[in-house]
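Dear colleague,

I am passing on the structure we spoke about, and I would be grateful if you could look through it alongside the notes below.

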Amino acid sequence: MRPLKVAVLGCGSVGSQVVRLLLEQAGDLAARVGAPIELAGVAVRRLDAPRDVDVPPDLLTTDAQGLVARDDVDVVVEVIGGIEPARGLILSALENGASVVTANKALLAEDGATLFEAAEKAGRDLYYEAAVAGAIPILRPLRESLAGDRVTKVMGIVNGTTNYILDKMDTQGSGFDEALAEAQELGYAEADPTADVEGFDAAAKAAILASLAFHSRVTASDVHREGISEVTAADVASAQAMGSVVKLLAIAELRSVAGGDDAVSARVHPVMIPRSHPLASVREAFNAVFVESEAAGQLMFYGRGAGGSPTASAVLGDLVTVARNVVAGTKGAGESAYADRAMLPMGETITRYHVSLDVADKAGVLAAVATAFADHGVSIQTVRQEGRDADAQLVVVSHEATDAQLAATVEALRGMDIVRDVTSVMRVEGELA
Ligand SMILES: NC(=O)C1=CN([C@@H]2O[C@H](COP(=O)(O)OP(=O)(O)OC[C@H]3O[C@@H](n4cnc5c(N)ncnc54)[C@H](O)[C@@H]3O)[C@@H](O)[C@H]2O)C=CC1
Ligand SMILES: N[C@@H](CC=O)C(=O)O
Ligand code: NA
């Protein structure tokens, strides 16, 4: 069999590790694929930039477009990131007959449909396991292993940077900025950490997970998004007092809609989750994805979701798969969006809230607070008072209600004279202590 030629676009945190693994494991990869895998070239922005791998100088080029246009390239690995020029380069590669492996969740979540259609038209593969939860095999299980089951919910910690920050706030009392700087130093953060902190990165991953799990097209703009920049030390302390922990979760679930097909709720926001829940034990920059399906029940996938080397592992896994397909003259299953489900607006999503209130400790306060919940049709699960007199705090955990009802309740509480301050509002997953 002739050698297969691989072009790598971008040689940053992930690209450098992809190139390293390709060079170091050439012998094993050839045996696994059934043909030698050769680097056709590595597109970089600057030839003289320092990088974490020694690339043979004759393979480096600043002309990414020229590299993907070569007719001897079988597979293009896109690890530049961002929308353009990545999208144009992937489309050119597919049109030119190459299969593509990418880690680019931002692009897939914004305009996956264009890429999937181009791959289908070209009869080539487009694989992207690294785009969600880095090294963790999660897209392949959803796409293949669970293809015969009915997935009803996918809930994950899919951003390492924010999990690192929340973990340091919980376990070491670290400040937000200090923990973010550490995550950046460790190579977990996106080029612009706003993408991590404000939940854009997790929302892109939620869109990809929802699309695959529910066989529908979900884009990042369909995902309700809240980041962790508003999570305070008070929120973390409230969670601790409830035997729980604050995590940024990406949640995609099917919800029944009266008189219609099930709709998809996709959202990213901080939650309080009991320490007994498997996701609560995910520390530092680790990721985990918790899947519920009708026949299999609950499954959890855990591992490193960020960092050059772990992400490169997922890229190489895809590379071997698409290279095997090239050798066999076939392609894998393409996108499955047959269900075409509607999105459930966030206001109609069923959630629970934990609310901490700074109140005056006097007669009638509890009744007035309870009335505010009742007025909005929200049932209270537990109420606890902490402190006395001027330091009184009421902690209310609601039963399930729509997010709109709960948000309106909090709005009403904020307007009440007897409520001095609403010190913490957080959605809840699972049963709090
Ligand atoms: N770093 C991580 O932990 C993870 C990253 N990803 C995704 O992997 C992709 C790459 O991420 P990183 O390696 O972290 O980014 P990076 O910023 O470290 O690397 C990107 C590289 O592409 C180069 N580049 C930009 N424009 C170029 C062009 N026109 N031609 C050639 N090179 C160009 C940049 O100079 C840079 O070296 C992104 O889509 C990211 O979202 C996915 C999972 C985890
Ligand atoms: N910035 C991301 C990297 C992987 O996608 C993260 O922190 O998880
Ligand atoms: Na993955």
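Predicted model: local features only at pLDDT ≥ 70, side-chain atom pairs only at ≥ 80, totals over all residues.

Residues are numbered from 1 along each chain as its sequence is written, and chains are lettered from A and ligands numbered from 1 in the order in which they are written.

The protein chain has 14 helices and 17 strands, these being DSSP runs (H or I of at least four residues for helices, E of at least two for strands) numbered from the N terminus. Its radius of gyration is 24 Å, close to the 22 Å that the globule rule gives for 433 residues, so the chain is as compact as a globular protein of that length; the radius is taken over C-alpha atoms, and the rule is 2.2 Å times the number of residues to the power 0.38. Along the principal axes, the C-alpha trace spans about 85 × 50 × 30 Å. Of the 433 residues, 48% count as buried, meaning that 20 or more other C-beta atoms, placed from the backbone, lie within 10 Å of the residue's own.

The largest nonpolar core holds 140 residues, of which Val75, Val77, Ala206, Ala207 and Val315 touch the most other members; such a core is a set of buried Ala, Val, Leu, Ile, Met, Phe, Trp, Tyr and Cys residues joined through C-beta atoms within 7 Å. Helix H10 (residues 200-214) contributes the largest share of this core, 12 residues.

Strand E7 (residues 151-157) has five of its seven residues buried, so it is largely enclosed by the rest of the structure. E7 pairs (at least two DSSP bridges between the strands) with strand E11 (residues 286-293) in the antiparallel sense over six bridges, with Val151 opposite Ser293. Four bridges join E7 to strand E9 (residues 244-255), again antiparallel, and here Met155 stands opposite Ile251.

Ligand 1 is surrounded by 26 residues, the closest being Gly10, Gly12, Val14, Gly81 and Ala103, where a residue belongs to the shell if its C-beta atom, placed from the backbone, lies within 6 Å. Helix H1 (13-24) and helix H12 (308-328) are the elements that give two or more residues to this shell, and H1 gives the most, with three.

With best regards

Definitions and conventions
Buried ≥ 20, exposed ≤ 12 C-beta atoms within 10 Å, placed from the backbone.
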